[in-house]
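Here is a briefing on the structure shown below. It takes up the fold, the interface and the nonpolar cores in turn.

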Amino acid sequence: MKHLCRIAIMLLTVIVAAPALGEPQGAKPAPVLEAMKAELARSMETFKSQPVPPYFLSYEITETYSGTVSSSFGKLTGSNENRSRLLNVDLRVGDYALDNTRQIRGAFPSFDFGDRFTFAQIPIEDDADSIRSILWYHTDKKYKRAAEQLTRIQTNIKVKVAQEDKSNDFSRETPEKFSEDRVEVKFDRRGWEDKVRKYTAPFASYGDIYEASATYYVTGETRWFVSSEGAGIQTSQAVYRLFVSAFTKAADGMELPRYVTFAAFSPEGLPDDAAVLRDVDKMIADLKALREAPVVEPYTGPAILTGRASGVFFHEVFGHRIEGHRQKDEDEGQTFKKKIGEKLLPETFSVYFDPTMKRIGPTDLVGAYRFDNQGVKARRVPVIEKGVFKNFLLSRAPIEGFAVSNGHGRGQAGLPPVARQSNLIVENTQPVSPAELRKMLIEQIKKENKPFGLIFEDIEGGFTMTGRFLPNAFNVIPILVYRLYPDGRQELVRGVDLIGTPLTAFSKIVAADTQVGAFNGICGAESGGVPVAAVSPGVLISQIEVQKKDKSKERPPILPAPFADKK
Amino acid sequence: MRHKVAVVTVFVLFLFFVPGRAGDDPVMTALREEMARSMQRLQLENLEKPYFIAYRVDDVTGSSASASFGSLLGSAASRSRFLTVEVRVGDYAFDNTNFMSFGFGDTGVARMFGGMVTLPLEDDEKEMRRQIWLATDGAYKKALEDLSKKRAALQNKTRTEEIPDFSHTTPANTTDVSPAAELNRADAEKLVRELSALFRAMPDVFRSEVSLAVQNMNSRYLNSEGAMFVRTVPLISLTARAETQAPDGMPLADGFALYGRSMSELPAKEDVAARIRAMGGNLSQLRNASPLEQYNGPVLFEGQAAAELFSQVFVPALLGRPRTVTAEPQFDQFMAQSSSPLLDKVGSRVLPTFLSVADNPGATIFGDMKLFGGRKVDDDGVPTHEVRLVEKGILKTLLVTRRPVRGILQSSGSRRGSGPGASNLFVSAEGTLSEADLKAELIKLVQQRSASYGILVRRMTNPMLAGDLFDSLASMMAIPGREPAGLRTILLAYKVFPDGREELVRNAELSGITVATFKEIVAASRTQSVSSAPPGMRNISAFSFDIGEAESIAHPVSLVVPSLLFEDLSLKKPSGEFSKPPIAKHPFFEK
């Protein structure tokens, strides 16, 4: 499984945080929740008489209000508002030990089209009758599919060798009850139309910047969750994002992008115009510098990853590999499965995932939530303590030695959840100053007799392969990379991707600095796109490897830009 | 070589130059400026310059609301503006087109798919021109690449036919503008809520939806030969769909669409409600009907059923698509199959001598029924006109675009999206048979065979309007002229006994019907009925990846067709397994 993860950059400039997730309030349960409860009870009652009755049923309805405005080179390209509700039904037959979700082994890897590619739309109005009519329809479909799946699984178990991981298929959890008021989403559409125009206008005088767009997204998500175990949850959260993107092209055809992203739980949490425009000016300057920057050849040697870059590095290299369900799937690489209790990092490093953490310093962290998509309460999960590997990220699919969820069963609205990351936090107990870390890098360069080291300043995202068939490797895509020479001179370069294999890469991490950076992004995997954050200090790695970037063979445009055409 | 290039340049200069006109809007000005610059100077080293460029800008504004069981599922408004660029290199006889080339791939720095890019919504000449510049550059580079690949693919092959890739035509300047359709969102929401709530009185329907959409498509076209058009197509569509299952699990689904150029052209709410109730009533009756076992014998298609059958099976064969060259031999056979089975039949009899077929884009009304397939100019900028396709059973020509096909070298003005499409199709019968006479004819055939009954079909569903997404996907994959897998769209079929008595049967599936079967029509009524419905993906080549298709798929084709009596067809019940009906009762009706 390839996890393409576009984590965009969150600059730690002048973001003024505002309280986002208010404290729990005793709000009145929505009519939606009541309708869900009623239909759930009726379904469980009706199916009782079936030869294979369900032992568990849950409904999750996610209402998404979205507002989007976008611009290109100072002119509006889109302005939309939308509201939808999507349903996810989890219906299980069999029992907690063995149910219809068990992997069928040795079969041609199949996507469950029925589950992964159909979205069940629910009315956006709170009418119990129409909501229930749709719940009924999809519950029936789901039940029939579940019963068929269980039969296939029972046969599969008889004909295949015993499964390595003998854990249950579903964990027992405390059914949670919670309700908070629906968040008020503020979408100043006209105001933002002006703002996004303003943010891309400075690019308009350049004929060698081929795309310059700004998009402002407002998302208000209200979720209702009920289960046959008695859970009843209503949560609501709004996220405000601004994404500015531009690219240019070098003479050799290489496309060179720059991105700037901001995310916050309130519109006030986003930077003001002056701050965004400062970043836009920097983007323009960076693009110009990148066009002229020399290309780096494949290289192995020491490097510094600044906070933001290192956050993505940990997300790709480590985070995806400790997602619980991958430890059970026998097609997965399971790099860390048997490493519990082993030392993976220097003692000064600890790593945890914390969906209850709403911000760090001035930055809101979008991987925060109260309950995961299986109704399990969010909690802080230490995964590496003092360098020693302690825990996995778990949904309600248990793995050997880990019988219960730790609140990381996540998925996009309407999709079945699996174990996913939340806010990844890397901490170091003995950080040095950024200048000191740089000094350490130079020492390392000299020690190894290398002509230079690399500094990864900014990263676009990355992807990783966690399976067994393809090499279990990662690729982190940098945007701003510098060469640092033994004499301290620094030079912008282009054309490389940071690559490697997880265990080797981890074993080379040496030290960290005091400059903590945070990313907010959307991570994509089996259960769709989920908001995540990654927070880390800058780290020194004694050996990394870079390979040539996949490059466009296309030339820049033949004719000059119309406004720059002197003929 | 150098000499030749110079000649081409002069020729092109002469052709492209269209004087600017006063009163142009910024969009047209931007298109014109970039067209001139590109035709004059767009050239990569010593490679060929474009010999033809066409631009189309589509402004699409619309809103829609949908509801189920009395509650809104969604309601949204949207506005977008797209530029489609067509660049041809080579010459009219042999160019970069008619080559299997996926819509993606390297297109310079432009983020294009199927030749399309997004334009700013605001009429700013400078920014329009930036996007047109980048898109033209990308389309030109892709055209050069396609042309060289196409030459490579053909260099070791002998071509048995030399059909030009592009036909000449006289450039026209067409204006086809009508007032925008207006739709008040709140009114639309109220209407779909009320109409969808009708299903609260239909316990036999498992799932249903009603939606109302308005779309105003405003297109501006310009090509380097000097043709241009401004065309607005307002359209309001109201669709309703319902699905259920027979007690044995077989699916039963129906859906219909009603169209208007304005709200006032749509039928009154009470009339729509009556149609929805009738749809529900039919499904209810069908649930209690018996499935049809194997049947061979005469079948009469009445009214809407005849039109839908004609649309699904015969119309795709009337579309002339050129043979596509491909670099991959394994695709060759697919390419051969995607051409019309009627391609070499011009001059031969394809229908009984009493039937004639014509496509008439200029028609707007038949009797008191509005027609919705017409327009004054096609997507190549060619003015449309009536095309007599079949006269007294003899095939005269096919509907073609400016991409000629064997034997038909001139455009019939039929480009819709990336390929040819019908507009308003008229099938007319000589003779004096009434509907009742036709039923009598059916009974006569039954008696001649000493069979116990014949089959009368009153309603066929349109795959775009009924059933779920997967059924539509299956129909998309169908290849024109061949029998689509699982054509399951007969809804209302009746056994007709010699005494005239009728008995409803369900889940009758047509088997083995092809274009050739239509030659065996034995009788048709003199009266025709009108039916407007989306043409569906079926009419589009399985190898067309052009996103510009979206509009032509949604836009209805109107058919005016008499009832048709076939002497011998095969019907059977569907094979395979069907999921059982829901275990629990519908929650609303259990109360």
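What share of the contacts in chain A with a separation of 6 or more comes from residues 24 or more positions apart? The share is 80%. This is a predicted model.

**Chain A**
- Chain A holds 25 strands and eight helices.
- Its C-alpha trace spans about 75 × 55 × 45 Å along the principal axes.
- Of the 567 residues of chain A, 49% count as buried.

**Interface between chains A and B**
- On the chain B side, 42 residues are in contact with 45 residues of chain A.
- Four elements of chain B each supply at least two residues to that side: α2 (26-41), β2 (71-89), α3 (125-154) and α11 (587-590).
- The largest share comes from α3(B), with eight residues.
- By type, the chain B side divides into 17 nonpolar, 15 charged and ten polar residues.

**Nonpolar cores**
- The largest nonpolar core has 172 residues.
- Those touching the most other members are Met36(A), Phe456(A), Ala533(A), Leu31(B), Tyr55(B), Leu83(B) and Ala135(B).
- α3(B) gives the most to this core, ten residues.
- Leaving aside residues up to four places away in sequence, Ala135(B) touches Leu83(B), Val85(B), Ala110(B), Met112(B) and Val117(B).
- Another core, of 68 residues, lies apart from the largest one. Among its members are Phe314(B), Val496(B), Leu510(B) and Leu565(B).

Definitions and conventions: Residues are numbered from 1 along each chain as its sequence is written. Chains are lettered from A and ligands numbered from 1 in the order in which they are written. This is a predicted model: local features need pLDDT of at least 70, side-chain atom pairs count only at pLDDT 80 or more; totals for chains, interfaces and linings use all residues. Two residues are in contact if their C-beta atoms, placed from the backbone, lie within 7 Å. Ala, Val, Leu, Ile, Met, Phe, Trp, Tyr, Cys and Pro count as nonpolar, Asp, Glu, Lys and Arg as charged, and the others, Gly among them, as polar. A nonpolar core is a set of buried Ala, Val, Leu, Ile, Met, Phe, Trp, Tyr and Cys residues joined through C-beta atoms within 7 Å. A residue is buried if 20 or more other C-beta atoms lie within 10 Å of its own, exposed if 12 or fewer, and partly exposed in between; C-beta atoms are placed from the backbone.
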